[in-house]
Amino acid sequence: MSQKMKLAWGLLTVCLLAIVVVGSVQLAKQLGSGRADEVGPGGESSTAATAAALKLALIPERNIYAQRRRYQLLAEALGGRIGRPIELVTLTTYLGVLDEFEDGDIDAAFLGSMVSTLAHDRIGARVLVKPVTPEGISTYRGVIFVRPDSPIQRVADIAGQSIAMVRTTTAGNLFPIYQFEELGLLHGDDPPKLRWVGTHDDVIYEVLEGRVAAGAAKDLRLAAFEAEHPAQAMRKLAISRPVPNNALLVRPGLDPLLTDQLTEALLKMHEDSRGAAVLGQFGAARFVPCSIDEYLAVYQMVEALGEDWPLVGVAGPPPERPLHMVDTQSETAGD
Amino acid sequence: MLRRKLILILGCLTVLLVGMAVAALWPLQLVVSEMDHIATQASRILEESNELNRSVSAIEVELHRLQAGRQHRMDQLIEQVEQLERTAGNVGDHYVMRESDIQPTYHRFLERVSLFKQHVGKLATAQDPQLANTYSIEALGAAAEMRSDILALVRYAHGHVQAEQDALSGNFRLLVVAIAIGFLLVINITVMVLLRVATLILQPVDKLVEASRQLAMERFDHRVQVGQNDEFGELARAYNRLAEQLQHNEQRRLETLKQMALTLNHELNNAMAVIDLQLRLLQRTADRDEGSSRCLMQIHQSLQRMARVVESIKHIRRIVLTDYTDGVKMLDLARSVEDEGNPAEAEASCSANRQSVQPR
């Protein structure tokens, strides 16, 4: 073999060896980085995937697809902080949550005020935290309203008229029933005609488009609508006392350590930029502690209904106020 | 010269063959690309269209389970609806769905997907059982409508794929025929060219071989005519020069022999004349002695033969040798004077000379 050929073969061999060595090093790096733990500013760890998932339920409100994405972001961030994956469970009904809580199929849930009292009363669920909006609001009120051109001036005028309501919610179900009960409309000759719709936004549009005479919905949703449609502001007939916005409750048998971890993680989430970003996408500025004591208004309305509790349409007995909870003066508008 | 010619001819043949191969490979490559396109793109649209059907079926199952109260969780349904929306979008990205014939159906399908998504969203938020049932029925109805659109899309996709496959088959057949004809043409050209090349070589070789035979038969006047300005031409010229040289040498040898014959003729004739005269005188005195007469007659015949030999030498046309003894050659007088047009006469005179020339 000539000198030139030998040189050529030698160069080729060296090049091949170099390629093999570089390729092996790159492969080793890739394999190594795939196994390395990721640690974020909040102490998140990818080893969260190894622990059993914590099941967090949510009830669809408005756009379920967007809502699920928001909650998914929160769940991922929260899961990293507590070192445990969080699995979202979307349930069809509020009462379905109670069943799943009871069966232990879910560990936590964001619940409305009325269902929170039911969960606390029937299952012993514990209220942990509630979100605070960027405007600093952590509560909402029920409001009964009509179109500005409606002849209805008072809640009592709704007798015999149709009213759009949302089942199993304080603002859309409990409050208007309570108002009608207080005014004796439910047992009168011409009780209001209850029309059930899916969401608080649906109530607003039912009233706006004239399909019903009045509506009962969350004040926050009504305010959001009026902000977008200032020319279509509704006339408010009655407003309830404030109740906590959708709070996080956990089942009674959940590990106390895990409960504490959840609480702490949510209360401190706004303190770092990544957590603040997640909360921003969730629609909150921060979480604050919450307790069952803040649901006094719900208990008061339930107690005022008395035997007419079944008119609310929720199966089972009414929630009983905890013994330590003390009465305060109620507030209503209109009547 | 010849090498250059051969290189040129073979080079042209090679270029022709390579060109033909490239011309065949290029459309084949296009066909293979088209096949690959059908295998991937066309199959993808079919797969995605079928995926739409599967998604709708799964969604319908979930809806029925929700409606029957056997399912309270909506995660799977929501994921399937979102997957359906994504798949519908992917289908729309495909070039088949951009054709004007199917566009209206596809847009209608997208609208129905959006509407269906809204129905499912409403179903998810409906706390009232009756309301939930209503929304569920609406969603199932929308799902059924989507199916009809999906069916139309799938049928169109199938038809399109089939049309592409048929077109590809037709193109492939044409291509095979064209390539076959092309290669037949190339083969014919190649054969003709190679025959021409063979003629270019064999013709002068034949001439040179014939010339060699002529030379072997000592026909030095034969010349080779090769009208090529190459190695064969050079060889022919070399041959001709050799033949000319040999002919010249032969001529010189003949002239030398003739000169020698003249010399012998001159020198021997005088001596033979004296001997002949003396023989005649002796014949007169030896008429009564028969023995002496016979001897004198033999001497006279030998003298005549000698005269004939000398005479023959003067008429040598070429030099032809024969074996005298082992390793010793002598001039074959009969053949050397042989007239190529009358060989019998020369043979007769030869045989008489040959007998008297036998070694003792």
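Is Thr117(A) buried or exposed, and what is its relative accessible area? Thr117(A) is buried, with a relative accessible area of 0%; buried means under 20% relative accessible area, exposed over 50%, and partly exposed in between (1.4 Å probe, protein chains only).

This is a predicted model, in which local features need pLDDT of at least 70 and side-chain atom pairs count only at pLDDT 80 or more, while totals for chains, interfaces and linings use all residues. Residues are numbered from 1 along each chain as its sequence is written, chains are lettered from A and ligands numbered from 1 in the order in which they are written, and side-chain values use heavy atoms, with hydrogens and water left out.

**Surroundings of Thr117(A)**

Thr117(A) belongs to helix α4 (residues 113-122) of chain A. Helices (H or I, at least four residues) and strands (E, at least two) are DSSP runs, numbered from the N terminus. Apart from its neighbours within four places in sequence, Thr117(A) touches Ile292(A), Tyr295(A), Val298(A), Tyr299(A) and Pro319(A), where contact means heavy atoms within 4.5 Å. Between Thr117(A) and Tyr295(A) there are 7.2 Å from C-alpha to C-alpha, although the two are 178 residues apart in sequence.

**Aromatic residues and charges over rings**

Over all chains, the structure holds 6 aromatic pairs. Rings of Phe, Tyr and Trp (its six-membered ring) pair if their centres lie within 6.5 Å; planes under 30 degrees apart count as stacked, over 60 as edge-to-face and the rest as tilted. The pair of Phe110(A) and Phe282(A) is tilted, because the ring centres are 6.0 Å apart and the planes stand at 45°. Phe110(A) lies in strand β3 (residues 108-111) of chain A and Phe282(A) in helix α9 (residues 273-282) of chain A, so the pair ties together parts that are 172 residues apart in sequence. Phe110(A) is buried, at a relative accessible area of 4%, and Phe282(A) is buried as well, at 7%. Together with Tyr71(A) and Phe287(A), these residues form one aromatic cluster.

Two rings of chain A have a charged side chain over them. A charge sits over a ring if NZ of Lys or CZ of Arg is within 6 Å of the ring centre and within 35 degrees of the ring normal.

| Charged residue | Ring | Distance from ring centre |
|---|---|---|
| Arg167(A) | Trp196(A) | 4.1 Å |
| Lys218(A) | Tyr140(A) | 4.5 Å |

**Chain B**

Chain B comprises 8 helices and 2 strands, in the order α-α-α-α-α-α-β-β-α-α along the sequence. Of its 360 residues, 34% count as buried. Among contacts in chain B between residues at least 6 apart in sequence, 64% join residues at least 24 apart.

Helix α1 (residues 2-67) of chain B and helix α4 (residues 129-216) of chain B have axes that come within 9 Å and cross at roughly 170°. Axes are lines fitted to C-alpha atoms, for helices over the stretch in contact, and angles run from 0 to 180 degrees between N-to-C directions. The two helices, α1(B) and α4(B), are therefore roughly antiparallel to each other, a term for angles over 145 degrees. By class, their contact has 43 nonpolar, 13 polar and 5 charged residues. Ala, Val, Leu, Ile, Met, Phe, Trp, Tyr, Cys and Pro count as nonpolar, Asp, Glu, Lys and Arg as charged, and the others, Gly among them, as polar.

**Positive phi angles**

Thr168(A) is not a glycine, yet has a positive phi of about 55°. Thr168(A) is placed in the loop between β7 (162-166) and α5 (170-182) of chain A and is buried, with a relative accessible area of 7%. In chain B, Glu218(B) has a positive phi near 60°. Glu218(B) lies in the loop between α4 and α5 (231-285) of chain B and is partly exposed, with a relative accessible area of 45%.

Technical notes. Angles under 35 degrees count as roughly parallel, over 145 as roughly antiparallel, 65 to 115 as roughly perpendicular and the rest as oblique.
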